[in-house]
Amino acid sequence: MKLNYRQLPIKAHYFFFMAAMGPILPFLPVYGKQLGISALIMGSITAILPILFLIAKPTFGFLVDYFYTWRKTIFIALLAVTSGCFICMYFLPVLPDPVFSDYSFSNVSCDLLPYCKLEDISKPYLCTGVKNAICHWTCIDKNFSVSIQFQALNEEISFSSNSTCLIDKNSTLYCSKHSNCNVICDNLYDSYCLYTSVTFWGFVLLMSLGNIGFNVCNCMSDAICFDILGEDGQMGYGRQRVWGTIGFGISAFLAGYTVDYWSKGEIIKIYTPAFLLVFIFTLIDLFCCKKLDLPVMTGSADILKDIMKLLRLKPIIIFLCFATIAGILDSFMIYFLFWYLEDLAMATNCVREIKLIEGLIVAAETLGGEVIFFLLSGKILKKLGFGYSFTLCFVCYALRLGLISLALNPWWVIPIELFMQGPTYALCYATIVAYASKVAPPGTSATVQGIVAGMDDGCGFAIGSLIGGILYKLFGGVTTLRIFSSIAAITAFIYLILYVLYLKDIIPDTKNNVEWKTPEEAQKKCTVAES
C-alpha cells in the first residue's frame with residue numbers, strides 16, 4: 001500500500017487534536033460536579049452552547065475564507081486558545097464543601113453529637129464551606145428530621161463530634177433515646193455562595209469558550225482536510241477523520257485509568273494526569289499543524305454573495321433541513337443515552353456496574369463502529385451516492401433507537417452501540433461534510449462547512465436537547481426513544497421520496513466530478529448556440 005505523505009499531517013492532526021480533547025470533554029460534567037457545579041447549571045450551559053455554535057461556526061468559517069492566506073495561522077491560534085481554556089480549568093479552586101460519597105447513612109446515632117456554637121450557626125452564610133442540612137432519620141420506633149451542620153471541609157462526611165453538630169437544641173427530644181438509625185440528608189446546594197465564587201464563573205467561561213473553540217476547530221479541520229484532498233477527494237475524507245476517533249478513544253481511556261490510579265480510590269479525584277495529557281497532545285498537534293501543506297486556493301471575490309446564491313437553491317435548503325433533523329437525533333443520543341441507562345440500571349439492579357457499562361459503550365462506539373464506518377464511508381458514498389446514504393443513516397437511527405428501547409438491561413446496549421454507532425453517527429457525519437464540500441463554491445469551503453455544522457450540531461442539538469428533555473420528563477425513557485425512532489423512520493421515508501422524485505437528478509453525483517466555473521470559463525468549455 002502506497003503511503004500518501006501529503007495527507008500524513010492531516011491524519012496526524014486529527015489524531016492528536018482529538019487525543020487532546022479525549023481526556024477532558026467526556027469528564028467535563030463530573031469535573032464540574034467536583035468543583036461544586038450543580039446538574040441544573042451544567043444542563044443550562046449545554047442547552048445554550050449549541051445556539052452559540054450556530055453563530056460561531058459560520059463566523060469563523062467566513063474569517064478563514066476571507067483571510068485565506070492567513071488560514072493556517074488563524075487555525076493554529078484557535079487550537080492553542082481552545083486547549084488553553086480547558087487547561088486553565090485545572091487551576092480553578094475547589095469550593096470548600098463537605099464531601100458526600102452518598103447522602104444516605106446507616107447505623108447512625110445523634111445522641112452523641114454536640115450542639116453547634118452560636119457563632120458557627122451563621123458560618124454557612126459567610127461562604128466558608130460549612131453547610132447546614134436537614135437530615136431525615138428512620139429509627140426502629142420513630143421517624144424524625146433534625147438540622148445538622150457539617151464542618152468537614154473537602155473531607156468525606158461522617159457523623160462524628162469532630163465534624164458534625166446539632167443546630168436545634170430541641171433535637172435531644174428525639175436523639176437521646178434512639179440509636180442505630182438510617183439517615184438521608186438533603187442535597188447540600190448553596191446557590192448564593194456558588195454564584196458569587198470565582199470557581200463558578202471561571203468554569204462557566206472556560207467551559208463555554210473551550211467547547212465553542214473545539215466545535216469551530218472541528219469544523220475548520222474538515223474544511224482544511226477537503227482543501228488538501230482536492231476537488232475530487234471528498235470520498236477520501238473518512239480515511240483521514242478515522243484517526244481522530246482512534247485518538248479520542250485511546251486518550252479518553254488513558255485519562256480515565258490514570259485519574260483513577262492517581263486518586264487511589266479517594267472520592268475527590270485528582271485530574272492532574274488528564275490535564276497533562278491535554279497539554280502534551282496539544283503541543284504535538286500544533287507541531288503537526290505547522291507541517292500542514294495547504295494548497296494555494298482561489299479566493300472568492302464576494303464570499304457572502306456566493307453563499308447567498310448557494311442558500312437560495314432548493315436542494316441546499318432541503319439538505320440543511322435534513323441535516324438539522326440528523327442533529328436532533330444525534331443530540332438525544334448524546335444528552336440522554338446515559339441518563340436512560342442510569343434509569344434502566346435502577347430498574348434492573350445493574351447500578352453497581354453502570355459506570356463500567358458506560359465506559360464499554362464509549363469504547364464500542366469510538367473504537368468499534370466509528371472506526372469501521374469512517375474507513376468505509378468513501379466506498380459507501382461512491383456506491384450509493386449522497387441521497388441513498390443519507391436515507392440509510394436515518395433508517396439506522398430508527399433501528400438503533402428502537403432497539404435501545406427494547407433492551408432488557410444496560411448490558412444489551414453495548415452490542416447495539418457497537419453495530420449501530422457507525423452507520424448512524426459516523427456515516428451521517430461523513431455524508432454531511434462531504435456533500436457540503438462538494439457544493440461549496442471556490443474560496444467558501446470553511447464558510448459552507450460552518451453553516452452546515454451550525455445547522456447540524458448547533459440548531460439541531462438545541463432543538464433535540466429541548467424536545468428530548470420535555471418528552472423524557474412527560475413520557476419517560478422508553479416512550480421517548482420510540483418517539484425519536486418514529487421520527488427517524490418518517491424522515492427516512494420522506495427523504496427517500498424527495499430524492500427519487502426530485503433530488504436525484506439535481507444533487508451532485510459521488511461518481512462524477514462536479515466542477516465550479518465562472519460564466520466566462522464555462523463559455524470557453526461549452527458549446528454555446530449563436531443567437
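Student: Which residue of E5 is the bridge partner of Thr138?

Tutor: Asn182 in E5 is the bridge partner of Thr138. The model is predicted, so local features need pLDDT of at least 70 and side-chain atom pairs count only at pLDDT 80 or more, while totals for chains, interfaces and linings use all residues. Residues are numbered from 1 along each chain as its sequence is written, and side-chain values use heavy atoms, with hydrogens and water left out.

Student: Which face of E5 is covered, and which is uncovered?

Tutor: In E5 (residues 181–185), Cys181, Val183 and Cys185 make up the covered face, and Asn182 and Ile184 the uncovered one.

Student: Why is Glu417 called buried?

Tutor: Buried means under 20% relative accessible area, exposed over 50%, and partly exposed in between (1.4 Å probe, protein chains only). Glu417 has 0% relative accessibility, so Glu417 counts as buried. Arg400 has a relative accessible area of 1% and is therefore buried.

Student: What makes the contact between Glu417 and Arg400 a salt bridge?

Tutor: A salt bridge needs a side-chain nitrogen of Lys or Arg within 4 Å of a carboxyl oxygen of Asp or Glu. The closest N and O atoms of Glu417 and Arg400 are 2.5 Å apart, and the two form a salt bridge. Glu417 lies in helix H14 (residues 413–439) and Arg400 in helix H13 (residues 354–406), so the pair ties together parts 17 residues apart in sequence. Salt bridges with shared partners join Glu365, Arg400 and Glu417 into one network.

Student: How many salt bridges does the rule give, and what is the N to O distance for Glu365 and Arg400?

Tutor: The count is 2. For Glu365 and Arg400 the N to O distance is 3.7 Å.

Student: How do you know that Ser331 is buried, and what does Ser331 touch?

Tutor: Ser331, in helix H12 (residues 314–347), has 0% relative accessibility and so counts as buried. With contact taken as heavy atoms within 4.5 Å, Ser331 touches Phe336, Gly460, Phe461, Gly464 and Ser465, not counting residues up to four places away in sequence.

How values were computed:
Helix = DSSP H or I, 4+ residues; strand = E, 2+ residues; numbered from the N terminus. Pairing = 2+ DSSP bridges.
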